[in-house]
Amino acid sequence: MKKSTLIFLALGIFFILFPLFSDSFGAGQAGNIFGAAQILSIEIGIAFIIIGVGLQTIKSEKKEFSNIFGKILEIPMIFWLITTFLLLYILFFISPIFLTETHIQYFQKYIPNAWTPYIGFDVEMTVSHINTWLTDGVSPYADGIVPYTPFALALFTPFIILGYPTYYKVLTLITILSYAVSVFWLPLYFLRKKEYGILALLGVVGLFSYGFQFELERGQFNVIAFFFILLAIYIYHYQHKYRYFAYIFFIIGVQLKLYPIIFIIMLVRDWRDIKNNLKRFIALAMLNFSLLFVLGNKLFSDFMEQIFKRANMQSSRYEDLSISGFSYFLSEEAQIISTKYAGLIEKNFLILFIGIILAIIFHFYKKNQKGFNPYLFLIVTIGALMIPAASFDYKLTILVVPMMLLLYNLPRPASAKRRAIYTLFIIMLSLAYWSTLYPYEFNQVKPIYLSRNSTALLTIFFSSTFLYFFLQGKYNNIKNSQE
């Protein structure tokens, strides 16, 4: 008889006999509760015996553990993405809804309400400030609420004609359209081989994510700004003859939110063409700076004053995903570090981020790699989310496309040892990403160390950086600029 069969039969007999003798030890005095436990033990024992008999009927095939382990490492990436999603879905969605209360209350405080009294608060405040400026001459930056560029204010001025809530509904529809094009259409044109599994999974789930709902609820326009940036990157790399339109779209994206200026390093096809790259960077920077004067010198100076004030801002709000918010959490809330070191964390992260970007660029230069690179795209996106002060969770939606393009392009290592390390970091990467789909504040369903999404973003940042150097910067499904 097989050893495995004997083990299961022995376990089965033990679980069946144990309840029969438990009364002898005084363990059966718990009434109905223990009676139910006895029946459960017998049922488990019967299940073990059935499994044991089933194993005995299977023809013996010797398989070493290494072979089984190798088969596990051959499992497609989509399996780990779905498994990690389901795990956090049970922990952060099913559990707080169905396993902790006698009635559903998940949406009671799903979106952080802060001090906002109505839906579309951010866009309504912006338009009302523009209206006050046009009618009473009061600067839209006077009270420090509106942080957007003069160019963005000019773009939103026609919303006054529509009135609230009509312009909020229009903005919502534009945001959904921008998401659809950015997530379900444009990424396919970056890929050599069209694949839809990861695109469908991340894209559809993203529609229901906390970050995207937060974006819609506030009347924010990060998705719209990112759409223009992604369109600019696509045109620059794959429709290069129309690159001047790429520059226009890039400028619009930057003027809408300012932080997308970091994506300027994605507008490079050849890192060895240093002269032309510098000329492009300087020209785009100067054009963006000049547009800050579009509504005159007074609003320019008011806007710059507002930006400098926000640069030193450190938010206590859990929905702040910036590195400054993370340092506040470590020093003021978790009290893991002294408050005097909070600023040091921010500076060190910025130095580390710049260092990693430069290391990747140097690797591109050394290997003479050209064209769009999905690793750099994801890492730069993390910087766009974390570096600006007071950067909030409604920006999380811009992670969808960079994550998608990287996951589509990670080549699987040949050796079992390297595949094991690779799989571990895929699991870490996907767990961190899926955790951003859920809020913290409404019922504190996420553990305290995940209360701010900066923790998840740092995990994605370090995991993707490791995978870049571990895989030597290789990717297997991005079209080159000539295709």
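Let me open with Leu17, which is partly exposed at a relative accessible area of 38%. This residue is placed in helix H1, residues 3-22. Between Leu17 and Ser41 there are 24 residues in sequence, and the C-alpha to C-alpha distance is 8.9 Å. Please bear in mind that we are discussing a predicted model.

Turning to the protein as a whole, the secondary structure consists of 20 helices and 0 strands. Of the 483 residues, 49% are buried. The accessible surface amounts to about 23500 Å², and carbon and sulfur atoms contribute 68% of it.

Next, two buried sites. Helix H18, residues 400-407, is mostly covered, with 8 of its 8 residues buried. Its buried residues include Val400, Pro402, Met403 and Leu407. Thr149, for its part, sits in the loop between helix H5 (121-136) and helix H6 (150-156). Why does Thr149 count as buried? Its relative accessibility is 2%, and the cut-off for buried is under 20%. Leaving aside residues up to four places away in sequence, Thr149 touches Tyr141, Gln255, Leu258, Leu292 and Phe303.

I now come to the charged residues. The whole structure contains 5 salt bridges. One of them joins the side chains of Lys370 and Asp270, at 3.9 Å from N to O. Lys370 is in the loop between H16 and helix H17 (374-386), while Asp270 is in the loop between helix H12 (243-257) and helix H13 (274-290); the pair therefore ties together parts that are 100 residues apart in sequence. Lys370 is partly exposed at 48% relative accessible area, and Asp270 is partly exposed at 22%.

Helix H14, residues 297-311, holds both Asp302 and Lys298, 4 residues apart, or about one turn of the helix. Their side chains form a salt bridge at 2.7 Å, N to O. Asp302 is buried at 14% relative accessibility, whereas Lys298 is exposed at 53%. Glu305 and Lys309 are also 4 residues apart in helix H14, about one helical turn, and their side chains meet in a salt bridge at 3.5 Å, N to O. Here Glu305 is partly exposed at 44% and Lys309 is exposed at 55%.

Finally, which residues gather in a patch of positive charge on the surface? They are Lys366, Lys367, Arg418 and Lys474. Of these, Lys367 belongs to helix H16, residues 342-367, and is partly exposed at 48% relative accessibility.

Notes: Residues are numbered from 1 along each chain as its sequence is written. This is a predicted model: local features need pLDDT of at least 70, side-chain atom pairs count only at pLDDT 80 or more; totals for chains, interfaces and linings use all residues. Side-chain values use heavy atoms; hydrogens and water are left out. Buried means under 20% relative accessible area, exposed over 50%, partly exposed in between (1.4 Å probe, protein chains only). Contact means heavy atoms within 4.5 Å. Patches are made of residues with over 30% relative accessible area and no salt bridge: like charges are joined within 9 Å, nonpolar side chains (Val, Leu, Ile, Met, Phe, Trp, Tyr) within 5 Å. Accessible areas come from the Shrake-Rupley method with a 1.4 Å probe; for residues, only the protein chains shown count as cover. A salt bridge is a side-chain nitrogen of Lys or Arg within 4 Å of a carboxyl oxygen of Asp or Glu. Lys and Arg count as positive and Asp and Glu as negative; His and the chain ends are not counted. The place of a charge is taken as NZ of Lys, CZ of Arg, CG of Asp or CD of Glu.
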